[in-house]
Amino acid sequence: MAKEIERKFLIHKELFKPKDEGELIAQGYLSDDPTIRVRIKKDRGFLTIKSKTIGISRNEYEYEIPKNDAEELLKICEPSIIVKRRYIIEEKNFCWEVDIFEGDNEGLIIAEIELKSEEEEFYKPNWIAEEVSFDEKYFNSNLSKNPFKNWGK
């Protein structure tokens with residue numbers, strides 16, 4: 001079993017400058033309880049099962065599946081597919097994943113860092129802003145149901 005310990009942050013958009021084109025990701029959700037996600041990155045498909053989050057930790061199981069199967073599964077995901085461009089940023093021995101969302105979540109940018117323990121201390125680059133780890137509206141599974149474009153309504 002793999003344990004995912006992750007913290008999420010908004011960023012100061014004016015300070016974050018990607019150095020490459022990032023990686024396009026499309027993902028959808030088949031279930032909320034447990035979370036079952038289908039994802040396509042480049043030419044690869046993945047199926048991920050995640051337990052409920054307790055604090056900033058949860059169990060995670062990820063399996064590579066044929067890309068064609070992932071494409072078919074995305075067609076039955078509801079209510080919408082999340083599209084985002086991911087940037088991997090190495091900062092002082094820590095790896096940040098910065099997701100710039102497109103489509104219904106355009107305008108939203110979230111930085112995530114995976115940790116070895118919930119107590120692990122880490123370096124925060126100057127472009128890191130408010131922490132949103134405990135705000136469920138920022139969970140990708142919730143962004144598929146209540147996208148960023150609807151938040152002001």
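Reader: What joins R86 to D99, and how far apart are the closest N and O atoms?

Author: A salt bridge does, with those atoms 2.7 Å apart. The term means a side-chain nitrogen of Lys or Arg within 4 Å of a carboxyl oxygen of Asp or Glu. Keep in mind that this is a predicted model, where local features need pLDDT of at least 70, side-chain atom pairs count only at pLDDT 80 or more, and totals for chains, interfaces and linings use all residues. Residues are numbered from 1 along each chain as its sequence is written, and side-chain values use heavy atoms, leaving out hydrogens and water.

Reader: Which strands do R86 and D99 lie in?

Author: Strands here are DSSP runs of E, at least two residues, numbered from the N terminus. R86 is in strand 6 (residues 82–91) and D99 in strand 7 (residues 94–101), so the pair ties together parts 13 residues apart in sequence.

Reader: Are R86 and D99 buried or exposed?

Author: Both are buried. Buried means under 20% relative accessible area, exposed over 50%, and partly exposed in between, using a 1.4 Å probe and protein chains only.

Reader: How many salt bridges does the structure hold?

Author: There are 17. One of them pairs E112 with K8, at 3.0 Å between the closest N and O atoms. E112 sits in strand 8 (residues 109–114) and K8 in strand 1 (residues 2–11), so this pair ties together parts 104 residues apart in sequence. E112 is buried at 5% relative accessible area, and K8 is buried at 6%.

Reader: Which residues do salt bridges with shared partners join into one network?

Author: E4, K50, R58 and E60. Within that group, K50 and E60 meet at 3.2 Å, N to O, and both are buried.

Notes
Helix = DSSP H or I, 4+ residues; strand = E, 2+ residues; numbered from the N terminus.
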